[in-house]
Amino acid sequence: MSLLDWGPEEVDVYPQVDGTDPDGNPVRGPSDTPTKVYARVQPVTSTDVIAAGQQTTTRYRMITRDAPVGAWARVVWDGRDWDVEGEPLWRNGSSRTRHVTAILRARGEA
């Protein structure tokens, strides 16, 4: 058993799904049904913009054995909604070391 299999954090991932809009155009977005995964979540950065609006951007790295995560997925962790920033990194090593890493960006207010 690896640390990747049972991370200390319980995370709900709303997988990326493809669909079409009313005009027949292809669209992507998060599914309505979450998948629960166990992950390690580590802080990456927190930047404060001291300007009009005073915006804060918080980012975390989520590392898990396997998760249905994509650039259009939505993540719920620690009582907050998170967007996946960019494409997740899939590391295909041995069965003991393969894992996925995704950068999460806070959505909305804390």
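**Close-up views of a predicted all-strand model**

View 1. Strand 8 (residues 99–106) is largely enclosed by the rest of the structure, because seven of its eight residues are buried (under 20% relative accessible area with a 1.4 Å probe, protein chains only). Strands are DSSP runs of E with at least two residues, and helices are runs of H or I with at least four, numbered from the N terminus. This is a predicted model, in which local features need pLDDT of at least 70 and side-chain atom pairs count only at pLDDT 80 or more, while totals for chains, interfaces and linings use all residues. Residues are numbered from 1 along each chain as its sequence is written, and side-chain values use heavy atoms, with hydrogens and water left out.

**View 2. Pairing of strands 7 and 8.** Seven bridges join strand 7 (residues 80–91) to strand 8 in the antiparallel sense; strands count as paired if DSSP finds at least two bridges between them. L89 has T101 of strand 8 as its bridge partner.

**View 3. The largest nonpolar core.** This core has 17 residues, and V11, M62, V69, V75 and V84 have the most contacts inside it. At least two core residues come from each of strand 1 (9–14), strand 4 (35–49), strand 6 (74–77), strand 7 and strand 8. Strand 8 gives the largest share, four residues. A nonpolar core is a set of buried Ala, Val, Leu, Ile, Met, Phe, Trp, Tyr and Cys residues joined through side-chain atoms within 4.5 Å.

**View 4. Surroundings of V69.** Leaving aside residues up to four places away in sequence, V69 touches V13, V84, P88, W90, V100 and A102 (contact: heavy atoms within 4.5 Å).

Methods
Buried < 20%, exposed > 50% of the residue type's maximum accessible area, 1.4 Å probe, protein only.
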